[in-house]
Structures are given as C-alpha cells and as structure tokens.
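Could you walk me through this structure in the viewer? I would like to know what to select next and what I will find there.

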Amino acid sequence: MTDATTSTPSPGMTGSPVVSLVGVSKVFPPTSPGSRPVDALTEIDLTIQPGEFVSLIGPSGCGKSTLLRVIGDLTPVTGGMVMVNGKSASEARRGREYGMVFQAPVLFDWRSVLENVELPLQITGRPARERAGRAREMLDLVELGEFTNHRPWQLSGGMQQRVAIARALALDPDLLLMDEPFGALDEMTRERMNLELLRIWERTGTTVVFVTHSIPEAVFLSTRVVVMSARPGRITEIVDVDLPRRRDVDTRELERYFELVTHVRTALRRGESASTSGTARVRAEGLSG
Amino acid sequence: MTVSAPSGANAADVSAVGTILRGPTIGERIREWSPAVILFFGALASWELVVRVFRIKQFILPSPVAIGVAWWTYLPELASAARYTFIEVIGGLAIGVTAGLLAGALTARYVAVREAALPFAIAANSIPIIAFAPIFNIWFGLDTQFSKMMIAAVLVFFPVMINTVRGLLSAPAPALELMRSFAASERDIFLRVRMPSAVPYIFTALRISATLATIGAIIGEYFGAPKVSLGQYIVTYTSYLNFERSWGAIIFASAIGMGLYVVVVLVERIVAPWAADRSTAPT
Amino acid sequence: MTDDLEAMAPPMPSLAPGASRRRIHPAVGFLSILATILIVWESAKLLGGNHLVIDGILGLPIRIDHRPPFQWKIANDLSLPHLWTVFIAFFELDSVGDPLVVRLLWAALATLRGAVVGFVLGASIGLMLAIVLIQVRILERAMVPLLVASQTVPIVAIAPVIVVGLKAGWFGIAIVAAYLTFFPVTIAAIRGMRSADPRAYELMRSFAASNRDILVQLRIPAAAPFLFTAFKIAATASVVGAIVGELPSGTRDGLGGAILNAMQYYSIQPGRLWATIVVASLLGIGCFVLVVLAERRALGTYRPTDSGAPS
C-alpha cells in the first residue's frame, strides 16, 4: 500500500489483465413451472487492466449486478469464460483475491466495528494481534479510526459503508468489486463518499469494478465506463474517461465532464431502444443526472 | 488521481452518532412504568374493597390482604414446597433446553431431517402434552422429582427446538453471500453467521420456556406427587375450599416462573445486547 | 411482546436460500416421524418386553411365542403396552355397553365446548379491549406491561383453582379458556394494529378517512397476521386449560376427567389411558390445524417481513 500520488497506473498498461471476460453469457433457469428462463447477459467481452477504475452502468435489470457476481464467482456463467488474475473466477474466489462491497453494508450487529473488519482475517486464520493491527489500519484508511468499539447500528449509513469498504480491503486484494455501494445514501453524502473512495483507491492501487445507476457518479469516478443495454445485457459502448488525473469538487464543473456525461447518456438510450425491438421508447427510470 | 477536497466525512455523521448512544434516564423509566404500577395496585385495592364491602366469604373470593396474611403465616411450609418444585423446574429446563438446542441444530443442518422433524415438532407443540403427565409418573415414579422434570422438559423441548431452527435459518442472504465472497467454510458460516443470528430467537424461546417449565412441573404434581410440592399444596387446599392457602402457593408458583423469566432477560442483556434492545421493547 | 408470541406458535421457517424447492408435504414428514416412533416402540418391546404368547389372531390359527432377550422395565406391558392393546382398548365396552371410543368422543366434545366458548369469549373481549386501548394512550401504557407480565404467570396451572372456585360447571372451564385467550390476543392485536406503516396513516388521512375507516381498512388487516399467531397459541392453551381445569375434582365429563378415570384403572387396563391421551392429542392438533386453515384462507400467502434479521 504505497502513496501513489504520481504513479497511478493508467488503463491500457501492459501486463496480465486483472479481469478477462470472453463471450460471457448468463441464463437464469425458470423460477417456477411455466415461467421462462431469463437471459441476463449475452456476449460480454471485457478486459480490465490492473489499477483501472471501471464502472458498469445500465438500466434496471440489465444484468450489471449479475456481471459483477459472475466475476466474483457468486453465480456461475452459462457460457463463455471468466478469468480473474489469470485463473478461473472460482479459484480466485477461493484464493480470496478480491473484496466485495454490496449495496447494503451487511455488517454483523453482534460484532463491534473493529471485529467486523477482522472477519476476513479470522476466516483466513491470521493470528489475533496481526488481525487487530490490520483492521485498525484499514479503519484509519477510511477515516473511522475513532469508532473501532462502536456497534454498527450506532453509525450512519455512509459510515457503515466505509466499514464495509475497510473490510473488503482487509486482505489487500488486487480487485475490489462494488455493487452500487452508495445507492442508499443521499446525494451529498454520496458525493463525499465518491471523493473518499477515490482517495482510498489512489492509496491502495487496487483495481475497481463499480456498478452504479448514476451517470455522474460513473463518469466522476472512473477511468472507463462500460455502458450496458437493457436485458439481455450486452455492452453497448465502453467510454474512455479522459478527465484529468486529479479529481475533486471542481471536476464536476468542467465542460469535458458534462460532455462525457451526455455521451454516456446517449449510449444508454441507444442500448435501451436497441433492445426493445426497434421501438424508440425512452425509459428514464433508474437513471439520474 | 489525487483528491484535494478535505475529507470532513465524519463531521456530519458524528452528531447523529452522539444521540443514539444515550440510553433511557431514570426519570424516563419511571414515567414509562408508573401507569402500569398504579393500575396494578389500584386493582388490588379495589379487589380488597369489594370483598370487604360486600362481605364476600373467603371460600368464594379471598381478599388480597387475607392472601397476604396466609402467605406470611404459612411461609415455612410454602417455602419448602416451593423449593421442591423449583428443583423440578430447573431440572426440566436444563434437560429440555439442551435437547432442544441439539435437535434444533441437527434439524437446521440437514434438510432431510428438517422436512420430517419440523412439521412433527410444530404439531407436537399443539398437543396438550400435559396429558402425558400420568405416563411420565408411571414410568419415572409418582413420588419422584424426575418424573415432573421430564414433563417440564418435554414441554420446553419443542418451542426451543423450533425456534433454534428458525434462528439458524434466519441468517440473511446478503450475509451468506458475503461469507461466500470470502470463501468461508461451512463451519465458519455456521459459527460466525448462523449461530449469532439464532441467538435472539433462542433467548425468546428461553423466556417462554421459563413459564412452560413451571406449568409442567405444577400440573405434573396435580397428577400425583409428594405432599411437599406446590402442586399438591394447591390441590389439597383447593379441595378443602381453603383458597387463601392455595393462592399463597400460587404466588410462589408465579414467582418461580416470573423470576426465571427475568433471569433470562437479564442474561440476554449481558450476553447479547444487540438482540435484547429489539426483542424486549414494550410495544 | 410479539417475539414471545411468535416463539410460542412459530411459523414454518423458510428454507435457506439456495435450497431445493422440492418439498414433501408436512403431513408426510409428520407421519414418517410418527411411524418411526411406533416402530421403535414395538422394537423395544420385541427386545426387552414381556414374554409374549398369542394363540390365534382374528380367528386364524397363528401361534406366537416370543421371549425377548432383555428385560427392560420401561418396555414391559404395564409401562409400554403393545400397540394393539391400545387399539383394542378403544372398543372395550363399559358397564352400560358403550365402547370407549364413543365415551371419549363425548368427553372430547365436552372439553371442546368449554374451550371453544372460552376462546370466542376471550378473543372478542381481547379485540375490543385492544381497540379501546389503541385510542386511549394512557390506558394502553398502564395495561400493556401488566398484560405482558401476566404471560409469565402459569395461568394454566391455576385452572383447577378457578374452576372449583367459580363452581360454574363447564362454564368455569370456559372462563379459564377465555382468560388464557384474552391475554395473547390483546397483546397481538395492539402490536398488530400499531404495526402499520406510519405513511399509510398519512395516506388515509389525505383521503379524509374517518377513524372507523382507518380501523377497518388499515389497522385490522395489519393486525391479522399477529392475531392468527395469537389464535394458534390460544387454541392450544384453551384445550390444555379445559383439560387441566377438571383435574383435581375429576367429576366433570371432559377429557380431564377421562384421564383421571383411566389412571385409576391403569393397572388393569393400561390401554385405556393411552387411548385417552391419543384422543386428547388429536383434539389439540385438530384445533391447531383448524386455525392454520383459517389463517391460510384469510391471509393467503401474505406474510409480513420477518423482523428477526439483524441490522
């Protein structure tokens, strides 16, 4: 974990990709007799290099959360290949090579904040003193160092998510998977959390795959934005975000920022109408910004 | 990318945290309980008044004061009877709770067991198990404490088992998914997620077990027990129409049940404070 | 405390996520355990019971002469009569010529009479009281803690005292059942009526709904799941209370009295007590199943979200 203020890796850097998806598709079997199988994902090809921050954005039900879970081996693919760090997704999960942050913080009420962050360290059998030290380090990283003995219900939603992030980073994974982690927060907290997340990302150099509903959030945070179409989800376009390295509150005022947001929005609309068999029905649901 | 905005992320949150940490003050607790206490003593007082004004005979309805006097007068024999019955209650709780926890853990773990055992347990819970009390007396002896312990144990076993299963299966899906993302073993998941999730349910079952075990012991004694037991004391003096003394024994029986209930509540507060807050809120 | 009520009459726990959807019917599960128990019963007698000699079964010239290898006191013919002994006991005639099964059915009806009347009485009073308490906050704050505390009093155990004291025959039993029903129903009704989303109240008021509308359209449907949990407890408790209420005197005509009678004749006719217990068990399960069926009819598949999950 180095202070990488100047040596942030840029996308497209050579080296083996962290995530490699080739022809990935996912079909859910029918849930009850009589219902049809659900085509969640089709023909997904995506490569993610180390140090990138990649957002997945798309309309509700487009499969972006499913795609994240496919990478994390929390649901199996029905077609195509998933490689994480050069191994199968399953091996990567068993090797605990990624950390995941869900939409809800999923903290355990019966553990203190510190103990919650220690959870992955306990599972991997680290000795007690090392566990506590590492957990404190992570909590300091997310700036919750004074709250180690608090209980989860005593913290606000934003703070709980920060604990969840600290927990996801406890094993120093190469990859961080985040499923709309700030979706339940209000706009102002969300913008603060965006800045926090970028600061942490810069400190740790982890590769991030980030699912979101929010176009501004996707553009603000990422090096690349993957725009997905409505179900069955396929990649409509991958947008390179060429905003300056240093992102802060002023970045949201840049003209280039607005251009990128519009670009992404247009791509989204294209993805929707293409999948609704030609009808140019613009559904604005689920999209903000 | 560097971030130049100051991360005062905690500033807005800290004030919110402060208010949640403070518990109820003494004044608030008194205000919360006083209407109930007033009502209770008011009811007692009216009862006393009615008995006196209408000169109701004790074998129809004894007055609270008369009951209190009888209780005090016969305290030694009541206390011995209470001690005798208390052992049955505790023993029954110990056996029933242990067996219920084990059965619950097995049932939750193996789907095949669950499909058969759970419907049976729920049905068995609706049987008047007390009807089996004479059988237990025959098997384990009319005059032993063990036979009544077994009745109490069986009464307690089913709710404990069912609620243990409920609790173990109540682990929320996101928590299980989280554990899978850490490639946790089944053992890890059981110890770190399922068991803690089950704790509130188990304590709830323990609370009702306190009452059930008391009921089991006393009714078991109604079917036959040594004279020095609360159940026989109640039955004997009821048949003499000496209700003051019966009620004296009933007060002890209630005290045992309520006392154990309070003990469970206190233990829960110490062992599992996160659960206690939610499950014992008045309304 | 709804948590306590739910613990006493717990709903079938849902399967863990990811578990197979194929389930066997609960009745099959129940029967398989019951069958297992019966098999163990006779196996125990086969291994450790009394010397068994049977000369002719139902007229057929079959002879059985079995000496069990062990001698277990608990498996002898007095503690654990053969299953067929229990079965035959149902058809034994008394001095008047009535078979036991008929007498037991009458006894069950007598018990049921007290239990049902009491249940209806207690549930009605409980509901009405709950509606009143909802409106009068100060009374609610006074009474609810007392109601909750009374659940820890072993009221069932006191049933005989109350029945003797009231000297009202089977109606005394109904009073006991009413008492046992009233407490959980009131608590469940209050909790249930208060469980509706506050925003639903705002919605009703935005339609200028009257208090009566709010009660009927919002509070009572919200209370329904809680009420059925309480009804399940109350149904079982009423039957138990009705049986226990007859105990010391045993001169009543319900199942409590029948059990006491069967106890007296146990050494001669062990099957009779077991037969009585079987009938009592069926009564208890029957009442429970009735409430469950009524619940399914009234609620369909509606279940309020299980509030037990942490955080």
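Here is a short tour of a predicted model, with stops in the core and then at some backbone features.

Start with the largest nonpolar core, which has 137 residues. Select Ile219(B), Tyr222(B), Leu230(B), Leu104(C), Phe231(C), Val244(C) and Leu255(C), the members that touch the most others. Next, colour helix α9 of chain C, residues 211–245: this helix gives the core its largest share, 17 residues.

Now centre on Leu255(C) and show what surrounds it. Beyond its neighbours within four places in sequence, Leu255(C) is in contact with Leu104(C), Ala107(C), Ala108(C), Thr111(C), Ile243(C), Glu246(C), Thr276(C), Val279(C), Ala280(C) and Leu283(C).

Most residues other than glycine have a negative phi, and most peptide bonds are trans, so the next stops deserve a look.

- Select Arg231(A) and Pro232(A): a cis peptide bond joins them, with omega about -5°. Pro232(A) sits in the loop between β9 (224–228) and β10 (235–240).
- Go to Asn85(A), in the loop between β4 (79–84) and β5 (87–88). Asn85(A) is not a glycine, yet has a positive phi of about 55°. Asn85(A) is partly exposed, because its relative accessibility is 25%.
- Finish at Val106(A), in the loop between β6 (98–101) and α3 (113–123). Val106(A) also has a positive phi, of about 50°, without being a glycine. With a relative accessible area of 11%, Val106(A) counts as buried.

Key
Residues numbered from 1 in each chain as written. Chains lettered and ligands numbered in written order. Predicted model: local features only at pLDDT ≥ 70, side-chain atom pairs only at ≥ 80, totals over all residues. Heavy atoms only, no water. Core = buried A, V, L, I, M, F, W, Y, C linked by side-chain atoms within 4.5 Å. Buried < 20%, exposed > 50% of the residue type's maximum accessible area, 1.4 Å probe, protein only. Helix = DSSP H or I, 4+ residues; strand = E, 2+ residues; numbered from the N terminus. Contact = heavy atoms within 4.5 Å.
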